[in-house]
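Please read this briefing alongside the sequence and the structure shown below.

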Amino acid sequence: MTKQDLTNAITDCVARGDKAFVPYIMAGDGGLETIKNTILFLQQTGVTAIELGIPFSDPVADGPVIEEAGERALAKGITLRKVVKELASFKNEVTVPLVIMTYLNPILSYGIDQFAKDCQDSGISGLIVPDLPHEESGLLQNSLEKSEIALIPLVSLTSPPERIKKITAAAEGFVYAVTVNGITGVRDGFGDDLAAHLEQLKAVSPVPVLAGFGISTPEQVQSIGALADGVIVGSAIVAAFHRNDLMTVEELVKASKKEIYS
Amino acid sequence: MVKELNVTQTMRAGRYGRFGGQFVPETLMTALIELEAAYDDAIADPIFTDEVSYYLKDFVGRETPLYFAERLTKEAGGAKIYLKREDLNHTGAHKINNTVGQALLAMRMGKKKIVAETGAGQHGVATATVCALFNLECVIYMGKEDIRRQELNVFRMELLGAKVVSVNKGSGTLKDAVNEALRYWVANVEDTHYILGSALGPHPFPRIVRDFQRVIGVETRRQIVEKEGRLPDAIVACIGGGSNAIGMFHPFIDDEDVGLYGVEAAGSGIETGLHAAAIADGKEGVLHGAYMYVLQDNDGFIQEAHSISAGLDYPAVGPEHSHLHDIGRVTYTSVTDAGALQGLQLLAKVEGIIPALESAHAVHYAVELAGTMGEEEILVICLSGRGDKDVQTVRDALGGGLND
């Protein structure tokens, strides 16, 4: 699938009156062989796209739930190379766009050009690199430009308006709006300024805006989803899969649908 | 008033050759941009630089002596050895040069809360000290293993009013403490300044830390000319992230006749894999916001460092050192735990100075190097800190007694 398919999946969803729902899973939490089943399960629940996190030794943007899942995956020997290869093995069965979330160093170690090529071959349509801000994005962008993979930019609450314009100007796929200052993980509440921030972001972004970080309940999927084109849910999904609680996953996805949502 | 705060530009904003940069989450970018602007503004303001100089002189006790180590010179049997006595600074190491500067900068930016990481505890103590001095709230992240190794420094920080948070993740050392400090900063960025302690991290930190540590080299340069009428032939400093070394080396970079030697921690030996020598055995990569030499495996995962010295126990070396290695201006070498213990004992016995285990790496290599040099030549060791904090570790390592 291509970066345009990723954008289209979100806009189609919004056009239907739903909100986009993108679950984050820790690739290989439970072993490399679980990736396929998890993806196939999620796509039949009606998710819009799937974000696959790659475990890393020093995940500075992640909270405890995802960090611990990453440690479990690392203990199973999961690496970026293995995940990309595994995805290629069942790409014909995948019907939703896949987005890889990895810290930068494993990509550098892989080799940027080779990584871009292999991602393309595995049908990956987007890439999120939390420690690669706009200023440094050229490092990957040059290799990705030749591909059908979107480098998805993150915008934070601390990004001033001028900067938001700069970051979103050439955005592809979607824009990842970080809803809190801090790391990933469950939160009770969000700042009062979030609505205005997301509204301003949607006004300037040429691609859909998905909100993420700290969204963990069906209520939050709806309330935060209402302010954007959809949501990304990480820690709550990772924790649910870890305890094999598929019902919670389904309920979170369902909360993004029109019949429940309106 | 000492006017040592001499400031230089990096070649491109935040780059040292291909090293450096700003590889951090977007949430921190605005803070880094603001920090750079505030720093540029501050160092151009004599009120700020005078204030820094005032505290360095009257609070820290600068300038520090450049001491001719006569008996160590005899022991080495070659070049005249001088010690730049950063161990005599208030709080016992060079770290306070940087924390005074950054705390004043934080206050100028209107930030009243400080977060910092610490390895050996020297940077943590230096940060807690300036926070007490300037009435700033202070949180220090420290690895569990380092807390064990440096128990007294933890208590010292607490006496000074800081909150010390133990980091149990990873190897429980400096790398993990930096991860947690970064996470804390991301969550509290609007009212908190991160006082990074080494010449590491995203731009502008490597530049800021270097500039505040340059006072070491600037003083040394003047002092050696006063004593010897010329510049030294060699300068030796230990390297963890590289703050004392870059501060010492930087004013001599353009003096091609001055040999510069950085000593990494070889732990149990480079060949054992249990070491902290990122230049000797690392690959280029990104950690904690900068592109530099990093100890990592074939999948780009960061490896744990190993050193008897908590302050050198870090799996990377700062971006400017990475560049100085690449262009061949500084010679990087390494000394094992055993070598450092020898260096420490030797300096204690012949000069009456117990150096920090970090600095003892430099002492050990310097004695070897001096032995290969002529008697008319001059070598300066950056004695970055004192060894009081390490006495327990050294006693344990020596099996409770002295091995002569």
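A cavity is a set of points on a 1 Å grid over the protein atoms alone where a 1.4 Å probe fits but cannot get out, while a pocket is an open set with protein on both sides within 12 Å along at least five of seven lines, and lining residues have an atom within 4 Å of a point. By this rule the structure holds 5 cavities of 30 Å³ or more, where grid points are joined across faces, edges and corners and a volume is the space filled by probe spheres set on the points. This is a predicted model, in which local features need pLDDT of at least 70 and side-chain atom pairs count only at pLDDT 80 or more, whereas totals for chains, interfaces and linings use all residues. Residues are numbered from 1 along each chain as its sequence is written, chains are lettered from A and ligands numbered from 1 in the order in which they are written, and side-chain values use heavy atoms, with hydrogens and water left out.

- The largest cavity has a volume of about 320 Å³, and of the 32 residues that line it, His94(B), Lys95(B), Ser243(B), Gly311(B) and Glu358(B) are the closest to its centre.
- The lining of the largest cavity has 11 nonpolar, 17 polar and 4 charged residues, where Ala, Val, Leu, Ile, Met, Phe, Trp, Tyr, Cys and Pro count as nonpolar, Asp, Glu, Lys and Arg as charged, and the others, Gly among them, as polar.
- The second largest cavity holds about 200 Å³ of space, and among the 24 residues of its lining those closest to the centre are Asp62(A), Ile66(A), Tyr176(A), Thr184(A) and Phe213(A).
- By class, the lining of the second largest cavity has 15 nonpolar, 7 polar and 2 charged residues.

**Pockets**

- The largest pocket has a volume of about 420 Å³ and is lined by 29 residues, of which Leu132(A), His134(A), Ile152(A), Pro153(A) and Leu154(A) lie nearest its centre.
- Helix α8(A) gives the most to the lining of the largest pocket, with 3 residues, helices (H or I, at least four residues) and strands (E, at least two) being DSSP runs numbered from the N terminus.
- The lining of the largest pocket divides into 20 nonpolar, 5 polar and 4 charged residues.
- In the second largest pocket, which has about 260 Å³ of space, the lining divides into 2 nonpolar, 3 polar and 7 charged residues, and α16(B) gives the most, with 4 residues.

**Interface of chain A and chain B**

- The contact (heavy atoms within 4.5 Å) takes 37 residues from chain A and 31 residues from chain B.
- The two chains bury about 2700 Å² between them, 52% of it on carbon and sulfur atoms, buried area being the accessible area (1.4 Å probe) that two parts lose on being put together, summed over both.

**Salt bridges**

- The side chains of Glu93(A) and Lys36(A) meet in a salt bridge (3.3 Å, N to O).
- Glu93(A) lies in the loop between α4 (80-89) and β3 (98-101) of chain A and Lys36(A) in helix α2 (residues 34-45) of chain A, so the pair ties together parts that are 57 residues apart in sequence.
- Across the interface of chain A and chain B the rule finds 6 salt bridges, including one between Arg183(B) and Glu67(A), whose closest N and O atoms are 3.3 Å apart.

Note on methods
Salt bridge = Lys/Arg side-chain N within 4 Å of Asp/Glu carboxyl O.
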